[in-house]
Amino acid sequence: MIIDPCELSPSYVRSIAPYQPGKPTSEVARELGLKEENIIKLASNENPRGLGPRTRAAIEGALGELARYPDGNGHDLKQALSRRYGVDMASIVLGNGSNDVLELVAHAFLGPGRASVYSQHCFAVYPLATQARGARGIPVPAKNFGHDLDAMASAIDDETYVVWVANPNNPTGTLLGSQELEAFVRKVPERVIVVIDEAYNEYLTPELKSDTLKWLKRHPNLVVTRTFSKAYGLAGLRVGYALAHPSVADIMNRVRQPFNVNNLALVAAAAALDDMEFVARSFAENLQGMRQIEEGAKKLGLDWIPSYGNFIALRVGKANEVFKRLLRRGVIVRPVAGYQLPEHLRVTIGTAAENERFLVALAASLKD
Ligand SMILES: Cc1ncc(COP(=O)(O)O)c(C=O)c1O
């Protein structure tokens, strides 16, 4: 009998369920016969404000360089990050989005016979990256939709090499306080890598931010990941980074593709760090937008999970139905049944006009 060539792949790879990204506007336009310009996408936690001015200029200035390979070490971006955050360049790992650096952690520290611990309702990449390395995932039931750190610490077994914590978490938007998070990092054995994923860090008010970069000095097993995809508006260019002990960064760099971050992404990200006004405006408008959606949800009699990111999970009941009705009205949001939240829809905070349009469409979709 002729075998299906997919059978040649290890069983742990074959059993991976594909990641479900937010629907692109072009696909929704095609499927529903809508005009693309009439569709709004609030499904992937992107920045609705586009790019900062310095970033745009840097990208335009780098177009002539595209026939060349990028700097495989990302020197200029690492230098900019090193100056901004006071970390050694040897402590920085650059990635094709922070998704890439999460994969590098799994590649470097997981494999068959090893395990990683993560929370229920966690970012999908943690279980995916774990499974793709043939390692065992240890999901831990959530507490109030967020991480139950005591239960996570207890779930660490002899085979556990990585524990993943997103702060704030996606898709729930829950936040852990600095003290409880630091106590957790202290409690985890040194032989276990602790990943603190801070993809939404720039949306936090200063007093809510944990001083994770300071903790790096005391905890060589700590990896902090961040991204340019959210507040910096560069989701389409794919650039993120990890900050870690130089030995950890070194091992992650060994399993990295030599040119994993492209030319445009490198120059754009370095410039984006200087687009401080743009990031400040993104932060402020996001807070206003969050209040706008919360007030709208309240008027509709809906419940939600209080969120610290640029998105919010609203409890709408039959979420998949409401999702489809919103789609027909040209509004794309994210169903999160795959995250064990079948009654919620995750909505990215858009511009004030997008939020208003979403709320009007939601009111109608709840009545249909
Ligand atoms: C918690 C979290 N971590 C990491 C990422 C990955 O983002 P990127 O690969 O664009 O940096 C996301 C994206 O939505 C996220 O929500």
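Tutor: We begin with a definition: a salt bridge is a side-chain nitrogen of Lys or Arg within 4 Å of a carboxyl oxygen of Asp or Glu. Keep in mind that this is a predicted model. Arg-325 and Glu-321 meet the rule, with their closest N and O atoms 3.7 Å apart.

Student: What is the general idea behind such a pair?

Tutor: Side chains of opposite charge can pair when their charged atoms come close. By the rule above, the count here comes to 19 salt bridges.

Student: Where do Arg-325 and Glu-321 lie?

Tutor: Both are in helix α13, residues 319-328, and they are four residues apart, about one turn of the helix. An α-helix has 3.6 residues a turn, so residues three or four places apart point the same way. Arg-325 is buried, with a relative accessible area of 16%, whereas Glu-321 is partly exposed at 33%.

Student: Which helix holds both Arg-291 and Glu-294?

Tutor: That is helix α12, residues 276-299, where the two are three residues apart, again about one turn. Arg-291 is partly exposed, with a relative accessible area of 40%, while Glu-294 is buried at 14%.

Student: What about Asp-150 and Lys-187?

Tutor: They form a salt bridge too, and their closest N and O atoms are 3.2 Å apart.

Student: How do I read the sides of a helix? Which residues of α2 are buried?

Tutor: Look for where the buried residues point. In helix α2, residues 25-32, they are Thr-25, Val-28 and Ala-29. Seen down the axis of α2, these buried residues fall within an arc of 100 degrees, so they line one face of the helix. What covers them includes β1 (40-41), α13 and β11 (331-332). The face turned away from the buried side carries the exposed residues Arg-30 and Glu-31. Just after α2, Gly-33 takes a positive phi of about 65 degrees.

Student: Is a residue in a loop, such as Phe-228, buried or exposed?

Tutor: Check the accessible area as well as the element. Phe-228 sits in the loop between β7 (222-227) and β8 (240-244), and it is buried, with a relative accessible area of 1%. Leaving out residues up to four places away in sequence, Phe-228 touches Leu-77, Leu-81, Ala-269 and Leu-273, among others. Leu-273 is 45 residues from Phe-228 along the chain, yet their C-alpha atoms are separated by 9.0 Å.

Student: Last, the ligand. Which residues surround the ligand?

Tutor: List the neighbours, then look for polar atoms facing each other. The residues around the ligand include Gly-97, Ser-98, Phe-123, Asp-197 and Arg-238. An oxygen atom of the ligand is 2.9 Å from a polar backbone atom of Asn-99. For Tyr-200, a side-chain N or O atom is 2.6 Å from a ligand oxygen. For Thr-227, a polar side-chain atom lies 2.5 Å from an oxygen of the ligand. Taken alone the ligand exposes 390 Å², and the protein buries 93% of that.

Methods. Residues are numbered from 1 along each chain as its sequence is written. This is a predicted model: local features need pLDDT of at least 70, side-chain atom pairs count only at pLDDT 80 or more; totals for chains, interfaces and linings use all residues. Side-chain values use heavy atoms; hydrogens and water are left out. Buried means under 20% relative accessible area, exposed over 50%, partly exposed in between (1.4 Å probe, protein chains only). The arc is that of the directions from the helix axis to the C-beta atoms. Contact means heavy atoms within 4.5 Å. A residue is near a molecule or strand if one of its heavy atoms lies within 4 Å of it. A polar contact is a pair of N or O atoms within 3.5 Å; within protein, one must be able to donate a hydrogen and the other to accept it, and residues adjacent in sequence count only if both atoms are side-chain atoms. Accessible areas come from the Shrake-Rupley method with a 1.4 Å probe; for residues, only the protein chains shown count as cover.
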